[in-house]
Amino acid sequence: MFNDFIFHKSKIYSGLENEFLNCAKFVSSILNVKKFTRIQVFSSLEEAQNRVDINAGERIKVGNKTICIARNQKGFYALDDKCPHQGGSLAQGFCNNEGELICPWHHHGFNVQTGQGRGEYVDVYPLEITDEGVFVLLPQSSWNLFGDLF
């Protein structure tokens, strides 16, 4: 039982806390209908390529959220800009060859596709690249019973 740990938002849950988290996720998945807001961050792919160098990031304010648009050899990714460890701007970091965005303050990497780091993670958001531009899809919760737990 004590070997069954799960990591979530920089917290470790085990035992009964793990059971509560599983129950909370199930109930939240039923009651919390997620919708996405499509927000344009670049007017074209060409603009994105001109503004974000390969293996770098660009900090963008989207509503009340600050995100990092990261670019590596494979493409563009959208992640939370704030590092959960010390609060550094991930856009000031760089992408390595392992597909990680490296924090400029403490040099820990976060996978650009999953947001997973070393025991911590950042939220990732889907990107759409169309003829009309580059869009980030941000989740909008109609009702969230468990607050910021997820």
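# Burial, pairing and confidence in a predicted model

Modeller: Of the 150 residues in the protein, 39% are buried. Buried here means a relative accessible area under 20%, exposed means over 50%, and partly exposed covers the values in between (1.4 Å probe, protein chains only). The model is predicted, with local features requiring a pLDDT of at least 70 and side-chain atom pairs a pLDDT of 80 or more, whereas totals for chains, interfaces and linings use all residues. Residues are numbered from 1 along each chain as its sequence is written, and side-chain values use heavy atoms, with hydrogens and water left out.

Colleague: What makes His106 count as buried?

Modeller: The relative accessibility of His106 is 12%. The limit for a buried residue is 20% and His106 lies under it, so the word applies. The residue sits in the loop between E8 and E9. Beyond four places in sequence, His106 touches Cys83, His85 and Gln86, where contact means heavy atoms within 4.5 Å.

Colleague: How do you know that a polar contact joins the side chains of His106 and His85?

Modeller: A polar contact is a pair of N or O atoms within 3.5 Å; within protein, one must be able to donate a hydrogen and the other to accept it, and residues adjacent in sequence count only if both atoms are side-chain atoms. The value for the side chains of His106 and His85 is 3.5 Å, and the pair is therefore counted as a polar contact.

Colleague: How many helices and strands are there in the protein, and what defines them?

Modeller: The protein has two helices and twelve strands. They are DSSP runs, numbered from the N terminus: helices are H or I runs of at least four residues, and strands are E runs of at least two. The order from the N terminus is β-β-α-β-α-β-β-β-β-β-β-β-β-β.

Colleague: Why do E4 and strand E10 (124–125) stand at the edges?

Modeller: The four strands form an open antiparallel sheet in the order E4-E5-E6-E10. E4 and E10 each have a single partner strand, so one side of each lacks a neighbour in the sheet.

Colleague: Why is E6 described as largely enclosed by the rest of the structure?

Modeller: Six of the six residues of E6 are buried, and E6 is therefore largely enclosed.

Colleague: What is the order of the open sheet of three strands?

Modeller: That antiparallel sheet has the order E7-E8-E9. Strand E7 (94–95) and strand E9 (109–111) are its edge strands, each pairing on one side only. E7 and strand E8 (residues 100–102) share two antiparallel bridges, with Ile102 in E8 as the bridge partner of Phe94.

Colleague: Which residues touch the most other members of the largest nonpolar core?

Modeller: A nonpolar core is a set of buried Ala, Val, Leu, Ile, Met, Phe, Trp, Tyr and Cys residues joined through side-chain atoms within 4.5 Å. The largest such core has 14 residues, of which Val41, Phe42, Ile60, Ile67, Ile69 and Val136 touch the most other members. At least two residues each come from strands E3 (34–42), E4 (56–62), E5 (65–72), E6 (75–80) and E12 (133–141). E12 gives the most, with three residues. Apart from this core lies another, of 13 residues, including Cys68, Leu90, Ala91 and Phe110.

Colleague: Where in the protein is confidence lowest, and where is it highest?

Modeller: pLDDT is the predictor's confidence in each residue, from 0 to 100. Its mean is lowest in strand E1 (residues 6–8), at 39, and highest in E7, at 96. The protein averages 78, and 71% of the residues score at least 70. Over residues 142–146 the pLDDT stays under 50, and the model has twelve contacts for them beyond four places in sequence.

Terms used:
Two strands pair if DSSP finds at least two bridges between them.
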